[in-house]
Amino acid sequence: MQKGLDVVNKVALIFVVVLIPALAWSYAKPIRLLLPNLNGMQCNGAICVEDPKKIDKAADLYDSAVANLAAVRISLSASPNFIYCSTAECYESFGGGSERAISYPFLGTVIAPESWQSYITQHELIHWFQFSEIGAVSTMMKPEWFREGMAYVYSGAPESDIPEHYLPMMAKYSDWHSGKSWSEVIHQAGDL
């Protein structure tokens, strides 16, 4: 009887060890950011692309965004995976939808095919700054005017490419931030 249970337990364990990752890969698409190569991406460090010929362009966008943020004294403590998709299928395969880019705390960022601009990378890097300085869960609980207002204010996006409903959030964030150092911004964000 014990031998039969041992076999059943082993089969169940094998089933769980194989099935859970397969289900996660199939249905929790952002998990693919952890192993982008298994989802058809070519990577150079934290930068990944579908088409290896575009790796330099993606790296330039990322480096430019980091430099622009450094110029306003925003420094990043980590280099999250940044997936630059050239097709809608790629973007959707990492869990993207109708947005132009998306950052998943703890996993990485996916840039949609039409969003290969430095300011969109900058916007997403601001979210990573928020995650690292305020905490990912805490950031997600902050008001949208704070999260998105900061990201749009420091993205350098042209006003013509900012959805109209974010303009008042940018103004509210700018007013709130006015006169504060970055350490004060981070500290006072805890009270929002």
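Reply: Rings of Phe, Tyr and Trp, the last taken by its six-membered ring, pair if their centres lie within 6.5 Å. In this predicted model, ring pairs link Phe129, Trp145, Phe146, Tyr154, Tyr173, Trp176 and Trp182 into a cluster.

Me: Why is the pair of Tyr173 and Trp176 called tilted?

Reply: The ring centres of Tyr173 and Trp176 are 5.9 Å apart and their planes meet at 45°; stacked would need planes under 30 degrees apart and edge-to-face over 60, so this pair is tilted. Both residues lie in helix H7, and because they are 3 residues apart, about one helical turn separates them.

Me: What sits over the ring of Trp176?

Reply: The charged end of Lys180 does, 4.4 Å from the ring centre, where the limit for the distance is 6 Å.

Me: How do you know that Cys43 and Cys48 form a disulfide?

Reply: Their sulfur atoms are 2.1 Å apart, and the cut-off is 2.5 Å. The torsion about this S-S bond is about 110°, so the disulfide is right-handed, whereas the one between Cys85 and Cys90 has a torsion of about -55° and is therefore left-handed.

Me: Why does Cys43 count as partly exposed, and why does Cys48 count as buried?

Reply: Cys43 has 30% relative accessibility, so the residue counts as partly exposed, the range for that label lying between 20% and 50%. Cys48, at 1%, counts as buried, since that label requires a value under 20%.

Note on methods
Residues are numbered from 1 along each chain as its sequence is written. This is a predicted model: local features need pLDDT of at least 70, side-chain atom pairs count only at pLDDT 80 or more; totals for chains, interfaces and linings use all residues. Side-chain values use heavy atoms; hydrogens and water are left out. Buried means under 20% relative accessible area, exposed over 50%, partly exposed in between (1.4 Å probe, protein chains only). Helices (H or I, at least four residues) and strands (E, at least two) are DSSP runs, numbered from the N terminus. A charge sits over a ring if NZ of Lys or CZ of Arg is within 6 Å of the ring centre and within 35 degrees of the ring normal.
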